[in-house]
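Open the model in your viewer and keep the selection tool at hand.

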Amino acid sequence: MADQDTFDEKHKISEHVIDSPPSEPDHGIVKDWDGEESAVRRKIDFILIPILAVAFFALQMDRGNISAVLTSSITKDLNITTNQINIGSQLLSAGIVLSEIPSNIIMQRIGPRVWLSGQLFAWGLVATFQAFVNSFPAYLVTRILLGLCEGGFIPGALYYLSTWYKKDETSLRTSLFFYGQMFASATSSLISAGLLQLNGTHGMEGWRWIFLVEGLITLFIAIVFTLLVPPSAGDGRPLITFGRWSYFTERESHIIRNRVLLDDPRKAKGHIQISGSDIWQTVKQPRILQHVFVTLVSMTGFTGLTQYTPSMIKGLGFGAVKANALASVPVYCGMVWLIVLSYAADKTRHRGPFVLLAITWNVISYACLRTRNPHASPWHRYGVIAVANISYCSMHILNVGWLSFYCCTPQERSVSMALVVMAANCAGIAGSQIFRTSDAPKYLHGLTAICSIASASWVLAFMLGIQYYLRRQKAVPSDNVEAKA
């Protein structure tokens with residue numbers, strides 16, 4: 001509790017009022033701009049977020065296409081069961097967990113552009129060569145290698161993104177970054193639906209075409225990302241121009257750097273060194289661990305459901321191609337849901353209530369899915385499945401923004417992002433075993449499990465929100481509470 005008290009004293013936590021600037025030197029920075037800042041921020045949005053979101057698109061496409069592959073003949077061709085497919089998913093998540101923090105330590109040493117670009121090429125190659133596996137052991141090797149190569153990309157990209165924005169701008173931008181993941185989940189289902197129709201072409205099964213083509217798409221994205229991503233906040237010179245041109249004018253670069261430093265002078269340090277002490281100081285904070293557990297529990301149910309959504313839709317009598325296409329619909333709807341919640345969180349400067357609202361949707365919709373009428377029409381039952389998937393992983397994305405807002409130092413922010421993404425992937429390990437072969441096609445035990453898990457995550461998020469509220473009341477003098485509410 002001593003660490004929490006120190007945190008409270010330093011920051012005077014208030015979810016409704018932006019934290020006061022940290023008590024560190026401001027390096028003599030003077031705000032010499034007025035109406036220009038909004039235009040500069042919009043320019044950053046249009047340049048930076050699409051580049052990062054496209055990279056995230058590639059990551060999710062290669063990580064999540066196993067759900068489409070399951071509707072093909074992979075289990076028959078490799079002579080394995082869906083339970084063995086689940087082991088591969090667990091190894092992928094384990095690989096990500098193992099490499100999250102080491103990856104972020106390396107990124108801080110060599111810079112985001114070099115490290116994130118290298119990761120894209122590495123997992124793109126592994127994803128492509130999945131198309132040529134012919135045995136269960138080979139499948140397992142490619143899955144764990146894919147996880148090891150992908151580990152650290154999300155928290156690394158989130159940290160890099162945070163260096164360009166002020167604290168009260170991060171929730172919406174974090175959600176826009178995660179749009180790459182959501183768009184991949186929806187669009188890759190459509191791509192996979194098309195690729196499945198190539199089944200038998202040139203002697204390759206449909207699932208091999210999915211791995212091959214989507215892996216090659218990732219390698220193309222890796223080239224584009226490397227050439228276009230700016231090296232650091234305020235430095236808008238992409239590699240493709242060899243330093244001769246910048247996205248931003250000299251005046252815009254000045255505003256970009258200084259507006260962020262006025263908001264948080266710690267960002268002046270540039271590349272930071274993450275020590276074992278930094279990791280330990282972050283890990284032992286109860287506040288951060290509570291955020292980690294919110295993601296761990298809520299994402300366990302989500303990953304279990306998402307991996308088997310196309311299979312559940314196929315079980316209603318739809319073909320493999322149509323099932324994958326229908327699986328994309330709720331994710332597109334979820335993108336609208338997420339942007340509404342994220343925009344409201346930034347505008348109200350409240351994060352916790354919107355995390356709770358996202359989890360509430362899961363609790364109610366999972367319960368409806370569990371108790372749906374088995375004799376209803378296929379389209380009615382599909383509608384229930386779609387509603388259960390609309391919230392998607394919005395609770396995790398909003399939780400990331402909630403945690404990032406209250407990080408005290410660049411080191412804490414980097415490690416915290418790694419921890420919460422590690423939690424999401426640990427959830428993938430557990431979630432991969434919720435829906436079992438013996439439970440098909442109704443998956444009643446699996447659906448019961450995700451209902452219980454969603455309820456537990458609601459309790460965790462509610463308790464964390466109450467704790468922030470109580471600390472806020474303690475930090476803000478009673479005679480000013482009404483004025484700041």
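In the counts below, Ala, Val, Leu, Ile, Met, Phe, Trp, Tyr, Cys and Pro are nonpolar, Asp, Glu, Lys and Arg are charged, and the others, Gly among them, are polar. The model is predicted, so to speak of local features requires pLDDT of at least 70 and side-chain atom pairs count only at pLDDT 80 or more, while totals for chains, interfaces and linings use all residues. Residues are numbered from 1 along each chain as its sequence is written, and side-chain values use heavy atoms, with hydrogens and water left out.

**Stop 1: the largest cavity**

A search of the whole structure finds four cavities of 30 Å³ or more. A cavity here is a set of points, on a 1 Å grid over the protein atoms alone, where a 1.4 Å probe fits but cannot get out; lining residues have an atom within 4 Å of a point. Grid points are joined across faces, edges and corners, and a volume is the space filled by probe spheres set on the points.

The largest cavity has a volume of about 610 Å³. Select Gln60, Arg63, Gly64, Thr303 and Thr306: of the 36 lining residues, these are the closest to its centre. The lining divides into 14 nonpolar, 20 polar and two charged residues.

Next, colour the helices, which are DSSP runs (H or I, at least four residues) numbered from the N terminus. Helices that each supply at least two residues of this lining include H2 (36–64), H5 (82–110), H13 (286–314) and H15 (329–348). Which helix gives the largest share of the lining of the largest cavity? That is H13, with seven residues. Domain 1 (38–269) and domain 2 (278–474) each contribute at least three residues to the lining of the largest cavity; the domain bounds come from an automatic or database domain assignment.

**Stop 2: the second largest cavity**

Select Leu158, Tyr159, Leu161, Ser162, Tyr165, Thr170, Arg173, Thr174, Ser404, Arg413 and Met417, which line the second largest cavity. About 80 Å³ of space lies in this cavity. Its lining has five nonpolar, four polar and two charged residues.

**Stop 3: helix pairs**

Axes are lines fitted to C-alpha atoms, for helices over the stretch in contact, and angles run from 0 to 180 degrees between N-to-C directions. Angles under 35 degrees count as roughly parallel and over 145 as roughly antiparallel, with 65 to 115 roughly perpendicular and the rest oblique.

Show H18 (residues 394–405) with H19: they pack at an angle of about 160 degrees, with their axes 10 Å apart. That makes H18 roughly antiparallel to H19.

Move to H2 and H7 (residues 136–150), whose axes come within 11 Å and cross at roughly 160 degrees. H2 is therefore roughly antiparallel to H7.

Finish with H13 and H19, whose axes come within 7 Å and cross at roughly 30 degrees. H13 is therefore roughly parallel to H19.

Technical notes. On a 1 Å grid over the protein atoms alone, a cavity is a set of points where a 1.4 Å probe fits but cannot get out, and a pocket is an open set with protein on both sides within 12 Å along at least five of seven lines; lining residues have an atom within 4 Å of a point.
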